[in-house]
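I opened this notebook page to record what I looked up, one topic at a time. The sequence and the structure come before the entries.

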Amino acid sequence: MSFDYSTSIAGSVFSNPIFTASGCAASGRELAQFFSLKELGAIVTKSIMLKARSGRDTPRMAETPSGMLNSIGLQGPGIDKFIEEDLSWLISSGAKVVVSIAGESVDEYGALARRLRGIKGISAIEVNISCPNVENRGQVFACHPASARAVIESVRINLGGEYPIIAKLSPDVTDITLIAEEVINAGADGLALINTLLGMVINPKTLKPHLGGKTGGLSGPAIRPVAVRTIFQVHAKFPKIPILGMGGVSSGSDALELIAAGASAVSIGTASFGDPYATIKIGKELQELLISHNFPSLADAVGIAHDR
Ligand code: RRO
């Protein structure tokens, strides 16, 4: 019997569970020079806003122990140029596509959702309500239950049921399951866990914050235990809600940890900066590991740590 490596998120089926992480592969063009994007489960695009945005002051990156900080600040071309130039190219490449959106207000999320209606070739919408690099913490909708709910309700109404909605949550909250509950009740079909953690580095010579934006989002292996913990907690409470897991995955074994905690698919972010083939390598390693554990399919391994 052949091993079934496919996965599905709220009705959208993907040939394998390895996705890119939003913001770490732009719209896929750079990675396409190394391998066919069809080899991946899906490309998750950089979160796009309504208008073009230049992002934060430099420096925008800092290396940290087993990780890094980014302080990009939602740089992007705006939804219209994105649809015309990036999304159309990506869809024509034959890749599966998850479009990530980010707004400054509930209405802006609704407007973004309306702009995406009717486009053939989108597998799901990731609603990023957890970017840490915004002007104020009030804009991190995923840190406030009522705001998180309002955004997802607006996207659901404005999408008119066209694509599955994946809400991307922040680990920077006291109880992530409470936020998960709000967005599920508002109509999220799946969850993306987790965005980066808010962090900061101070230059020991100048004693000034290293990043232009002062704070940034912490990613990389340092945050993997936080990803595993949040996925485990949310899957325990909502076992039927599919989770796209991410956070410091750089090997098949790391990916298996997130799957065992309850993720149905795994996004690779920081690891691709050091190795453009990271997604392909991790995908092969994960498949071999699942087979060596005698799982007949990926689906049989999802959440397995809860039963052991
Ligand atoms: O653009 C960013 O600075 C950014 C985003 Br939108 C996000 O969701 N997470 C992150 O670490 N950086």
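The entries below concern a predicted model and take up a strand, a ligand and a sheet in turn.

**Entry 1: strand β8**

I began with strand β8, which spans residues 124–128, and asked how many of its residues are buried. I found that five of its five residues are buried, so I have counted the strand as mostly covered, with buried taken as under 20% relative accessible area. I then looked up which way the side chains point. Ala124, Glu126 and Asn128 point one way from β8, whereas Ile125 and Val127 point the other way.

**Entry 2: the neighbours of β8**

Next I looked up the strands that pair with β8. Strand β7, residues 97–101, is joined to β8 by four bridges, and the two run parallel. Within this pair, I noted Ala124 of β8 as the bridge partner of Val98. Strand β9, residues 165–168, is likewise joined to β8 by four bridges and runs parallel to it. Here I noted that Ala167 in β9 stands opposite Val127.

I also followed the chain between these strands. Helix α3, residues 106–116, forms a right-handed β-α-β unit together with β7 and β8. Helix α4, residues 145–159, forms a right-handed β-α-β unit with β8 and β9.

**Entry 3: the ligand**

Which residues surround the ligand? I listed Lys46, Asn70, Ile72, Gly73, Leu74, Asn128, Cys131, Pro132, Asn133, Asn195 and Thr196. Asn128, a residue of this list, is also one of the buried residues of β8.

I then recorded distances from oxygen atoms of the ligand. A side-chain N or O atom of Asn70 is 2.8 Å from a ligand oxygen. For Gly73, a polar backbone atom is 2.7 Å from a ligand oxygen. For Thr196, an N or O atom of the side chain is 2.7 Å from a ligand oxygen. On its own, the ligand has 320 Å² of accessible area, and the protein covers 93% of it.

**Entry 4: the open sheet**

Finally I looked up an open sheet of four strands, in the order β5-β6-β12-β11, whose pairing is antiparallel. Why is one side of β5 and of β11 left without a neighbour in the sheet? β5 (61–64) and β11 (197–200) stand at the edges and each has a single partner strand, so one side of each is left without a neighbour. On average, neighbouring strands of this sheet are turned by 40 degrees against each other, direction ignored.

Note on methods:
Residues are numbered from 1 along each chain as its sequence is written. This is a predicted model: local features need pLDDT of at least 70, side-chain atom pairs count only at pLDDT 80 or more; totals for chains, interfaces and linings use all residues. Side-chain values use heavy atoms; hydrogens and water are left out. Buried means under 20% relative accessible area, exposed over 50%, partly exposed in between (1.4 Å probe, protein chains only). Two strands pair if DSSP finds at least two bridges between them. A crossover is right-handed if, with the strands pointing away from the viewer, the path from the first strand over the helix to the second runs clockwise. A residue is near a molecule or strand if one of its heavy atoms lies within 4 Å of it. A polar contact is a pair of N or O atoms within 3.5 Å; within protein, one must be able to donate a hydrogen and the other to accept it, and residues adjacent in sequence count only if both atoms are side-chain atoms. Accessible areas come from the Shrake-Rupley method with a 1.4 Å probe; for residues, only the protein chains shown count as cover. Axes are lines fitted to C-alpha atoms, for helices over the stretch in contact, and angles run from 0 to 180 degrees between N-to-C directions.
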